[in-house]
Amino acid sequence: MNSKKFLAFAMAAAMTLSMTACGGSGSGAASSGTDSAAGTAFKLGGTGPLTGGASIYGLAAQRGAQIAVDEINAQGGAIQFDLKYEDDQHDPEKAVNAYNALKEWGMQISLGSVTSQPGISTSALSQEDGIFALTPSASSPDVIAGKDNVYQMCFSDPNQGLASAQYIAEQQLGEKIFIIWKSDDNYSTGIKDKFMAEADKLGLNVVGNATFTTDSQNDFNVQLTQAKQAEADLLFLPIYYEPASLILSQAKAMGYAPKFFGVDGMDGILTMKNFDPALAEGVMLLTPFNADDEDEATQSFVKKYQEKYGETPIQFAADAYDCVYAYKLALETAGCTPDMSAADLNAKMKETFPTITFTGLTGDGAGITWDATGAVSKSPKGMVIQNGAYAGMD
Amino acid sequence: MSRVVNRLANMNKTTRSSVFTYALVVGAFVILQLLRMTTGLGSVLEGQLIPICAYVTMALALNLVVGVSGELSLGHAGFMSIGAFLGCAAANGLAELIPFTPVRLGVAMVIGAALAGFFGFLIGIPVLRLNGDYLAIVTLAFGEIIKSVLTNTYLAVDKKGLHFSFLTDKNALEEGGLQLIRGPMGVMNTQRISTFTVGFVLVVITLVVIFNLVNSRTGRAIMAARDNRIAAESVGISVTKYKMIAFVTSAALAGAAGTLYGCSQTTFVATKFDFNTSILILVFVVLGGLGNMWGSVIAAAALTILPEALRQFADYRMLVYAIVLILVMLATNNPAIWGFFARLRERREEKKGGAAQ
Amino acid sequence: MDVLTLLDYLIRGLSLGSVYAIIALGYTMVYGIAKMLNFAHGDVIMVGAYVCFFAMTGLSPMFEAGSMAAAVVPALAGVVLSMAVCTVLGVVIEGLAYKPLRQAPSLAVLITAIGVSYFLQNSALILWSSSPKIFSPIVGSGSQKIGPLTISHVTLVTIAACVVIMLALTAFTGRTKMGKAMRAVSEDKGAAQLMGINVNRTISMTFAIGSALAAIAGVLLCSAYPTLTPTTGSMPGIKAFTAAVFGGIGSIPGALLGGLLLGVIEIFAGAYISTQLSTAVVFGVLIVVLLVKPAGLLGKTVREKV
């Protein structure tokens, strides 16, 4: 046996073993700082990308949920939570591992996954294991399809496409509409497909569409030139705010100034460090959350988040925050106690969620309700960016 | 007992190494199965068993190209994705025809392997004309192209037969039609039909294929072409032909691993099988030792478990993983440590030699 | 197809290609001398961009808004500082991670480079968080009208920087003692050592220059495409690596040609074929080129001696 090769393994194996050994003894570092003794708090678990390129979404959700849990635990009512988030790196395979780690920890109720593709994986497991899940932001309809115990806090992608098309038609925002969407992304494709179908029905004039992929999300000049040549006066952007900010700045550089219409992924554009808000002036978006909202709950949440994490919360954080409070409401309504098993809680939550009306940071005063499929019903807010802040569009 | 030891000691090195590899894989399987039946493995490890089998197979397949045939491939995840997409599409499409899942999975794996092998052949024609780093970059290029193409592929089946469209979904389905590949949304499996036992069987088949190939006339020709291309050509070995045999075999095995992996996941997308995944598998091979099959098995399994074992480091775990990787590479290639082991072996051999005299 | 749009795309392609070319120069120099693929190069770019970002945002408030000094000093200081930091970083990485592996098989070095790349990305993630930062272009966001075309200042500066760097490097490797030493080491390491050249120092110097170029590339990349995240460098890094191979790895003019062509092909493929497939088209062209010219466009075909 070659000594060099042998050594390679000895090292690798020894390191793995030592890691595994410490892994067994240490408790999860990601768990909440307010650990309560077993049986006195509901063990609430969720997976999300906490490292890697998509970690902005996972960390936002984790932090939003953590603030809600801290608030609830500080009040010291009958409902207490013990929160733990595990990293899934926005990968369905890793999400299964993360979910299993939570199961070993003793998760009783779940916050599902933060992003859609991992969400489809973990929700299937949630269904099989009978652990109730309420996902803050995994918006693909596949996440809840065929599962009776997986609920969403966010709009599903097709609903956003539908609502956007209806909104644009009602308000007569554009004569010629052009869409720039991300072709290797579930979220973007889902919204765009439904938008196109609905636009067709409503008689909106979609003059063209162009795509980009993760590998080519720097340069949008080609797409913008196509839109300009098609004389589009409204650009629909069913994408996240990172590429959207590049589109805005490149459109300005080429002297093209259509109206821009975004979806909830656009929320967060104003929170980017050093972003010139003048670029986003007049951008419209449909979003359930608005960090500049005047109401007390939003202001208090935003302030706490900024103090603790030094950033302005994006919609993912608000959705996760709402999830925890929605759980609190549902658990109280159903009279659940932390010593109940995951299976009992699953049955209770399935009964309770379709019956409650929840008021939170996302959605408007009319409250948030769910149907038995797990889909949420809340009204999106039409926002327009004016002087670097959101303003209601009506 | 002592006879067995003697026979082991007298075996030639390659046979001993293959016996050890089989023993390792079978032993690990038996122990894991016993643990599963008695105390249980814990959900995390339990959930990783099938992906580990898939990655072990991938590492073995890549080792055949990189270690045995001596060509650096940076696009092997592409073959895995062909197997995963087309194999799973076949598995889902055949659900009504073959209700017995192990057979369906077997058929799907054969289809995945055949198609990946076919693409391996097509890609091999241009690729194997190149040398060294140029070959590496072309395999990287093909890996990226496969990813792009699969991301834009839509495949569906209904009573009228298969529907295929590219770039946008133009498949008009009849009632009861089934979408097999959904472009950027990847593949959705209603049922996860892969099992650990099938994964184990795949690993064993892979080992049988590779060891038989390596220890045959063909295998010696492949290694001769690796060690000295010109000398090999001058004794009449067709270098391209033998390199092609290794490349296609490897692609087919990667395809089978892809099908196994795909059928163990509820969903997967083409971007999963990108450059980073190719690199990940290359790391298994290099860490396990080029040409060393049992090394690939252990490295693939250990490095798949490692990030999970590092969960306690939370946000720092990928950083720790990177540091471990660098340190292991530095330590295993440190001349001082090699020197120490070489001296140790020398001394042992001297002793042996002395005893024989 | 109208000519004006075509020209416009061409200029954008050249601008994108110039950035690829500067990154590719770093790859090619390191490859030429150390015979290793430094996959961490793309992440050095990212570090350079972050350093420049923090220097600029830190210094800007000290100057009166709108004044000449406010436009020039922070940008200049940012560029210089990021070059300095990246140079040090490059030399440290080389000394700690690559130097001990000088005798090791090339694949071991490749894997170590990948480890370094993961390390830099994850450190950036922890230090600077994953939320994107908006980079202010170092030359402002104005543009220049040339005939019927409007070209942004960033584009002009990028193309100019690429040409200047290219000329400077050619002069450096052709005229100076250090440059000649580099060529000697890349030609034959053993013989160079026998001629009294300090091989280790030459290799460190190459890393220093390559990393300083990476800093410039990072600043220019983020000036043109202003969102900055810990993964900003990885895709341009891979594409620039492709560009280096395209032009013939190890060749400095090859890196320039490869980079420019890659940028132009990428934009044209997006414009006239399909934006969904532009990356696939780029790699497709690469494959065809390598089949016709197996050592890249300007690479030396080394005849094997029997």
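Modeller: Begin with a contact between chains. This is a predicted model, and in it 29 residues of chain A are in contact with 31 residues of chain C.

Colleague: How do I read a pair of helices?

Modeller: Two packed helices are described by the angle between their axes and the distance between the axes. In chain C, helix H5 (residues 153–175) packs with helix H8 (residues 199–224) at an angle of about 165°, and their axes are 10 Å apart.

Colleague: Is H5(C) roughly parallel or roughly antiparallel to H8(C)?

Modeller: H5(C) is roughly antiparallel to H8(C) because of that angle, as angles over 145 degrees count as roughly antiparallel. The crossing of the two helices, H5(C) and H8(C), is left-handed.

Colleague: Which residues meet there, between H5(C) and H8(C)?

Modeller: From H5(C) come C:Val154, C:Thr158, C:Ala161 and C:Ile165, and they meet C:Leu213, C:Ile216, C:Leu220, C:Ser223 and C:Ala224 of H8(C). In this contact of H5(C) with H8(C), 7 residues are nonpolar, 2 are polar and none is charged.

Colleague: Now a sheet. What is the order of the strands in the open sheet of chain B?

Modeller: The sheet has 3 strands in the order E2-E1-E3, with antiparallel pairing. Strand E2 (161–166) and strand E3 (178–182) of chain B stand at the edges; each has a single partner strand, so one side of each is left without a neighbour in the sheet. Neighbouring strands of this sheet are turned by 15° against each other on average, direction ignored.

Colleague: How many bridges join E1 to E2 in chain B?

Modeller: Strand E1 (residues 153–158) of chain B is joined to E2(B) by 6 bridges. As one case, B:Tyr154 has B:Ser165 in E2(B) as its bridge partner. Helix H4 (residues 76–93) of chain B packs on the sheet and touches E1 and E3 of that chain. The direction of H4(B) makes about 175° with that of E3(B).

Colleague: What about confidence?

Modeller: Where pLDDT is low, the predicted coordinates should not be read in detail. Chain C averages a pLDDT of 88, and 97% of its residues score at least 70. Within chain C, confidence is lowest in strand E2 (residues 143–146), at a mean of 79, and highest in helix H2 (residues 41–59), at 93. The model scores ipTM 0.87 and pTM 0.89.

Definitions and conventions: Residues numbered from 1 in each chain as written. Chains lettered and ligands numbered in written order. Predicted model: local features only at pLDDT ≥ 70, side-chain atom pairs only at ≥ 80, totals over all residues. Pairing = 2+ DSSP bridges. Helix = DSSP H or I, 4+ residues; strand = E, 2+ residues; numbered from the N terminus. Axes fitted to C-alpha atoms, helices over the stretch in contact; angles between N-to-C directions. Contact = placed C-beta atoms within 7 Å. Parallel < 35°, antiparallel > 145°, perpendicular 65-115°, else oblique. Left-handed = near helix turned anticlockwise from the far one by under 90°. Nonpolar A, V, L, I, M, F, W, Y, C, P; charged D, E, K, R; others polar. pLDDT = per-residue confidence, 0-100.
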